[in-house]
2 protein chains.
Amino acid sequence: MDNIRIIEIKESVFADNDREANRVRSELKEDRTFLLNLMSSPGSGKTTTLCRTLERMKDEMRIGVMEADIDSDVDAHTIAETGVRTIQLHTGGMCHLDAGMTEQGLKELGTDDLDLAILENVGNLVCPAEFDTGAAKNVMILSVPEGHDKPLKYPLIFTVCDALIINKIDVLPYFDFDMDKVVEYAHMRNPNLAIFPISAKTGEGVDAWCDWLRSQVIEWNG
Amino acid sequence: MDNIRIIEIKESVFADNDREANRVRSELKEDRTFLLNLMSSPGSGKTTTLCRTLERMKDEMRIGVMEADIDSDVDAHTIAETGVRTIQLHTGGMCHLDAGMTEQGLKELGTDDLDLAILENVGNLVCPAEFDTGAAKNVMILSVPEGHDKPLKYPLIFTVCDALIINKIDVLPYFDFDMDKVVEYAHMRNPNLAIFPISAKTGEGVDAWCDWLRSQVIEWNG
């Protein structure tokens, strides 16, 4: 069994999260590390999508992963099997990570030798959207079984994200999910949102998503 | 188009939510109104499950529904089509309802003539579990596509709930979902949890869930 390091992160003491987030972002920019903040509901397939992404990109850049969870370390073990450096962050019940909590994780992960650090945020469409983590880019996953009406009900997360992955397209035939509508609703919230329909299970569409992520990392790291 | 009343609920001023929740619960008990707090992730099928439940129970008891959402009123319109009295609560970005917020909703709904009031909480597995709303019983929905590992990752909500509905069993063939494991994990969190596998889409299992709910309401209202 791999030995996953578990970090119990503490609630931040900073009053001004936006300022802390900008500081974290500047330091990462200077160090040429791209931080990706990956958000979604529970069960949308963050971990599987991450595994498919790591398989495709781990040999071309140096990547580290922070798995944030309220409890358990099942996802960190799954990610570690890809051979990528992984730590588990326990939030102690907290429903999101802010910039201070993310920075604790980054210090434990060690970013000096990383081109790309990925934060898998707590599964929640509401609270994580309210807290800037200091990430270069925010990405969310919405899965087909969750329904195409989610941009209407959870507006903020669609607004703050740079890309939307629509996962589990392999089960489209079994759900009343309207792809045109979800694209329309998501672009109402954020006209610049890049949208990638994928199946993390079959691999369909994953290359297009990885192409986008790769170009973002290269642009950031200069 | 039905005319749904939309209530903008305000953040509570009460420091001690548990005390407020117990007060709300006592008053409802005295008035013979059973309050059900229904929680789940976004997209697990709360609204569809509620529609199937209302169809079966609305002619045998007096029911009212409060639809809580951050934004939008799409669900309230769907529920109102069943003919049951429905109001929409807007949380103004808040990720959960506490007892004070629930009480604002109950006053707007009017509970004097109700046997059963149902609160469809904000779609979120984390925060709603932390706040007692004053409900007689808490119920959560987990849907098959979300995966059987959720009791490991979101322990609190499984602990505070009295019943777990496992929805979307019609798509079991298309997902790696282990029913025995989810029951085992859920009972690790809460040995007394009543579990109902259902398909709100096909109607399978819905009668057993309604039998449980009916018996709870009858016991509470005495």
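Ala, Val, Leu, Ile, Met, Phe, Trp, Tyr, Cys and Pro count here as nonpolar, Asp, Glu, Lys and Arg as charged, and the others, Gly among them, as polar. By these classes, the lining of the largest cavity has four nonpolar, eight polar and four charged residues. The model is predicted: local features need pLDDT of at least 70, side-chain atom pairs count only at pLDDT 80 or more, and totals for chains, interfaces and linings use all residues. Residues are numbered from 1 along each chain as its sequence is written, and chains are lettered from A in the order in which they are written.

**Cavity**
- The whole structure holds one cavity of 30 Å³ or more (a set of points on a 1 Å grid over the protein atoms alone where a 1.4 Å probe fits but cannot get out; lining residues have an atom within 4 Å of a point).
- The largest cavity has about 60 Å³ of space, the volume being the space filled by probe spheres set on the points.
- It is lined by 16 residues, and A:Ser143, A:Pro145, A:Glu146, B:Ser143 and B:Glu146 are the closest to its centre.

**Chain copies**
- Chain A superposes on chain B by a rotation of 180 degrees with 0.0 Å of shift along its axis, at RMSD 0.0 Å (least squares on C-alpha atoms of residues with pLDDT of at least 70 in both).
- The two copies are therefore related as by a two-fold rotation axis.
- The copies meet through the same surface, because 100% of the interface residues of chain A are also interface residues in chain B.

Terms used:
Heavy atoms only, no water. Contact = heavy atoms within 4.5 Å. 1 Å grid on protein atoms, 1.4 Å probe; cavity = no way out; pocket = protein on both sides within 12 Å on 5 of 7 lines; lining within 4 Å.
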